[in-house]
Structures are given as C-alpha cells and as structure tokens.
Amino acid sequence: MKKAYLGIDIGSISTKGVVIDSDHKIISSCYLWTEGNPIGAVKKVLAKILKIDADYKIVGVGTTGSARKLIGSILGANVVKNEITAHAIGTSTFCEDVRTIIEIGGQDSKIILLEDGIVTDYAMNTLCAAGTGSFLSSQANRLGVKVEDFGTIALKSKNPALLAARCTVFAESDLVHKAQIGYSKEDIIAGLCNSVALNYLNNVAKGKKIEEPIIFQGGVSKNIGVKKAFEKILQKEIQTLDNGHLMGAIGVAVLSMQEQEKTYTFDLDDFSFETSSVNCNRCPNNCEIIMVKKNKKLIDSWGNRCEKGEIKTH
C-alpha cells in the first residue's frame, strides 16, 4: 500500500483540493468555485481528486480555509489548521528559504513573514475587496475582458493610468473617469494591476519588512501584470510557484502527515449533511453554536467559548 494525504482549502470564493504522496508529490488536484456551497464544492472536488491509483490509500486528511471546521468535521480530518499556518507550511515545503509570502485570493489578502521556516509575523485584510481577485473580476466584466487576459494586456501598456488604490468604490469611479477621458484599455488595465499592488503594500503589508526570497501566490499570482507591478514598486524579484494557488491545501496535507494515521473511505453517494446554528443563552457570552448533523444525528459542533455551551455528540 502506498500512503497518500488529502488536503482541502475551503474559501469563500474557491475550494482547492490535493492528494499528495509521502514525498510531497502531487498525485491529483482540483480548483473550483465554492459558489456559496462549501459542502457541495468539496463533494465536487473529492469526485475529481479521488480518481487515483488503487495502490494509494488516504491515511491523512487536513482542512483549512474559512469552512475548515465544517468540512473537517464532515471528513473526519486528523488536522484542521488556519490559513496562515497552512500557507506557510505549503510554501516552505517547496521553497525552504522563503522569507515573505504575498498571498492574494478571491476575497482576502495576507502577508506572511518567515525566518528559518518559522512564521514571525503576518497580517490579513478581509475588510475591503480592493486589490483582490473578486475586485479584478468585476473590473474585467466592466471592461469586457477576460480576467485571465489581464496580465498579457497590461504588459502592452505604455502609459498606465493612475487609479485610486485604497478603496473599491474610488477605484471603480476612477476607472470610469479614465475611460471617459480617453485612456486605452491597456493603460487602464495596467493601472488596475498597479493599484492592486499598491493597495496591498499600503494596507496589508504596511509596516512590514519585505525580504527576499519573496513568493507570490493565490489566484491573483497568475496575473503577470500584478507580479510585474510588485517587482517595479519593491525593486525586488518576485517568484511564483506553479502550484501557488494550491498552497493552502498542500500545506494542510503535509501537516496531516504529522498526525495519527487512519484509513479513510469516502462515500460521495451518501454525502448529505445538515448545518444549523443556535444561540446559547446560558451565560453573557451568548455564543452562536454551529452544529453539523447527518441523518439527524449530531456529528460535531463548535462556537462555544465555555463549557456551558458544549453540545455533546452521541
């Protein structure tokens, strides 16, 4: 039997899954949109990535991302970790000396600083969509351009438009104004790429010492226009990894190797779960308790900040 490890990164915009072997080699992977249904998205991911050689047996499962606890409970994961830890482990697995991780996803951004493989500092931005993948996608729709083509188009610009970088509303207003006064599509798109980099550096990375090697990952890292903008502003080399958009899933799969192993089987035909919540009124915390049930049987719950809100599983 060959051992394999499953990692799932469930975000608000996208869900990523990988299966790796004991040498950290990716056996299969999948990236798709969550579409507001993390359970459904994970079912689709599993249907794709579990089509692996029968000699492989999944002996570890890890989950990360915004719905990590929910999916971790459903899959019986042996490790559930936050995105910072997962991305740091995943990236340092392929680049041991990484010092700075720039990560820009669909709705949030983060910076992770490391020294000798240990996280020394980090910051996240989840309050404003400016400078994220969803922001670029909405502007691509406005301009009638595929977001996948943004980078190539941006590199053709001779005079990038200067766009407001700190706020989505201002950036959109500025974009309309620049188009009205005659800026070319190439210059506007290059300006958007620059505004993404500036927004990140002025907000998420503010006050942080960015040192090389620098790894740029997340869905936006596929945009060569944004990568070039970071390099121009920082005057430093920015590296990307082929599987950079999967690093959270890879990292939590690697972490699952360090936990007690067990043999996993997944019945996708019986993948029906119900989630609900209830407010606990037993103390002033008034915690919201999230519950996961299968066939009306409670399999897990969380959200309580004291033992009064604990709900027993049977």
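**Surface.** The model is predicted, with pLDDT of at least 70 needed for local features and 80 or more for side-chain atom pairs, while totals for chains, interfaces and linings use all residues. Numbering runs from 1 along each chain as its sequence is written, and side-chain values use heavy atoms, leaving out hydrogens and water.

**Whole chain.** Next I asked how much of the chain is buried, meaning under 20% relative accessible area (1.4 Å probe, protein chains only); the answer is 49% of the 314 residues. I noted nine helices and 13 strands, which are DSSP runs (H or I, at least four residues; E, at least two) numbered from the N terminus. The radius of gyration, taken over C-alpha atoms, is 21 Å, close to the 20 Å that the globule rule (2.2 Å times the number of residues to the power 0.38) gives for 314 residues, so the chain is as compact as a globular protein of that length.

**Helix 8.** Then I turned to helix 8, residues 224-234. Its buried residues are Gly225, Val226, Lys227, Ala229, Phe230, Glu231 and Leu234. I checked what covers them, and the list includes strand 6 (100-104), helix 4 (133-143) and helix 7 (185-204).

**Its two ends.** At the start of helix 8, I found a side-chain oxygen of Asn223 within 2.9 Å of the backbone nitrogen of Gly225. After helix 8 comes Gln235, and I noted its positive phi, near 55°.

Notes: Buried means under 20% relative accessible area, exposed over 50%, partly exposed in between (1.4 Å probe, protein chains only). Contact means heavy atoms within 4.5 Å. A polar contact is a pair of N or O atoms within 3.5 Å; within protein, one must be able to donate a hydrogen and the other to accept it, and residues adjacent in sequence count only if both atoms are side-chain atoms.
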